[in-house]
Amino acid sequence: MLQELEEYWESFQEEIQKASTLSDWNYLKGKYVGKKSRWGEFLAKLKELSPEEKRVWGKKINQLKKEMEELLEERYQELLSTEEKSEVDITLPGKKGWSGSFHPVLLTRDWILTIFQSLGFRVEEGPEIETEFYNFEALNIPPDHPARDDQDSFYLAPGYLLRTHTSPAQIRVMEKLKPPFKVVVPGKCYRRDAFDATHSPMFHQIEGLVVARDISMGDLKGTLETFVRRFFGEERKIRFRPGYFPFTEPSAEVDVSCGVCGGKGCRSCGYSGWLEILGAGLVHPQVFTHAGYDSQDVRGFAFGLGVERITMLKFGIKDIRWFWENDVQFLEQFNIF
């Protein structure tokens, strides 16, 4: 038995040193200490020995098996370390970590502002908590005006409310600056609208205002045509329709040709070939009066657009609620860097 054990041990030592992969190691582990190894055979031979010899040889067998298992563990750690190092190829480009992305509404807002800044507009701000005077009356919307019915508001205290549009900034900018000037005012607005596919109680607008001595509808049309073509593409057309806003006169609704059908008519545009994007017009003389201007000395034009609507048209987004669901897969589409 001694000779058999020595041969078994020598064979094990020779093979374990030659093992170069974890696959080799697994094979040797099964061969020398597994259930199908020769240990069962060695233990069976103990039955032929006397009690004293059983104690001696049993101890030797257990000791030898323990030494094999220790060598196996050492060799396992060596092979594991070698394989982990070999998996790293330093010539490969590094893995880029996960990073956040721009929210599509803010991305669109900044894009719009950049276009208008390139046209000489400056960016201004206005408060989200407004007085009734700035939000309504200074914009030619008295308390009994029917236009107030379309803007069910969030009132905080008598005379104070969350602004329902960015148009109050027109008055505040005119009080702050002297003409001529061109400004755009981005910001949040609030209305008690139902939260559905096309409406939200909170939304973003961008107000535009130009005031100078000689301003006409031609200036307004040229400015908005330049914006539409830079934002939506040179191939897009723009259309002005008569409209009504209490703070502009004359007023216009502005449409852009449908990007899906090219203006031929499809489901996306209600088969009209056009999509409404904003409202605009020449500043009403009464608004100039409330701002302390003489409407005989200056003229101006104003426009307002909903950022969420522009974003939905630009990217083909069908439901405004998607903007607020914090769906990472949806937002990652707008990671442009």
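1. Terms and basis. Two strands are taken to pair if DSSP finds at least two bridges between them. Helices (H or I, at least four residues) and strands (E, at least two) are DSSP runs, numbered from the N terminus. The model is predicted: local features need pLDDT of at least 70 and side-chain atom pairs count only at pLDDT 80 or more, while totals for chains, interfaces and linings use all residues. Residues are numbered from 1 along each chain as its sequence is written, and side-chain values use heavy atoms, with hydrogens and water left out.

2. The three-stranded sheet. An open, antiparallel sheet is formed by three strands in the order S2-S4-S3. Strand S2 (129-131) and strand S3 (155-157) are at its edges with a single partner strand each, so one side of each has no neighbour in the sheet. Neighbouring strands here are turned by 35° against each other on average, direction ignored; axes are lines fitted to C-alpha atoms, for helices over the stretch in contact, and angles run from 0 to 180 degrees between N-to-C directions. S2 pairs with strand S4 (residues 160-162) in the antiparallel sense over three bridges, and Glu130 has Leu161 of S4 as its bridge partner.

3. Asn135 belongs to helix H6 (residues 132-135). Buried means under 20% relative accessible area, exposed over 50%, and partly exposed in between (1.4 Å probe, protein chains only). With a relative accessibility of 0%, Asn135 counts as buried. Contact means heavy atoms within 4.5 Å. Not counting residues up to four places away in sequence, Asn135 touches Glu130, Leu161, Arg163, Thr164, His165 and Pro168. Glu130 and Leu161, both in this list, are also the bridge partners named above.

4. The seven-stranded sheet. A second open sheet has seven strands in the order S1-S5-S6-S10-S9-S8-S7, with mixed pairing. Strand S1 (122-123) and S7 stand at the edges, each with a single partner strand, so one side of each lacks a neighbour in the sheet. S6 and S10 run antiparallel and are joined by eight bridges; in S10, Phe303 is the bridge partner of Gly208, and Ala302 is that of Leu209. S9 and S10 are likewise antiparallel, joined by five bridges, with Leu282 partnered by Phe301 of S10. Helix H7 lies across S5, S6, S9 and S10, running at about 140° to S5.

5. Helix H8. The 16 residues of helix H8 (residues 217-232) should span 22 Å at 1.5 Å a residue, and the end C-alpha atoms are 22 Å apart, which agrees; the expected span is 1.5 Å times one less than the number of residues. The buried residues of H8 are Leu220, Thr223, Leu224, Phe227, Val228, Phe231 and Phe232. They cover an arc of only 130° around the axis, which puts them on the same side of H8; the arc is that of the directions from the helix axis to the C-beta atoms. Their cover includes helix H5 (104-118), strand S7 (238-245), strand S8 (248-257), strand S9 (274-283), strand S10 (299-306) and helix H10 (307-315). Gly233 follows H8 and has a positive phi, near 130°.

6. Nonpolar cores. A nonpolar core is a set of buried Ala, Val, Leu, Ile, Met, Phe, Trp, Tyr and Cys residues joined through side-chain atoms within 4.5 Å. The largest has 42 residues, and those with the most contacts inside it are Ile112, Leu224, Phe227, Ile277, Leu278, Phe303 and Leu305. Two or more residues each come from H5, strand S6 (202-212), H8, S8, S9, S10, H10 and helix H11 (328-331). Leaving aside neighbours within four places in sequence, Phe227 is in contact with Ile112, Ile115, Phe116 and Leu305. A second, separate core of 24 residues includes Val183, Phe247, Ala291 and Tyr293.

7. Backbone points to check. Most residues other than glycine have a negative phi, and most peptide bonds are trans. The Pro179 to Pro180 bond is cis, with omega near 5°; Pro180 is in the loop between helix H7 (168-176) and strand S5 (181-190). Another cis bond joins Glu249 and Pro250, with omega about 0°, and Pro250 lies in strand S8. Tyr271 has a positive phi near 65°; Tyr271 is in the loop between S8 and S9 and is exposed at 59% relative accessible area. Asn326 also has a positive phi, about 55°; Asn326 is in the loop between H10 and H11 and is exposed at 61%.
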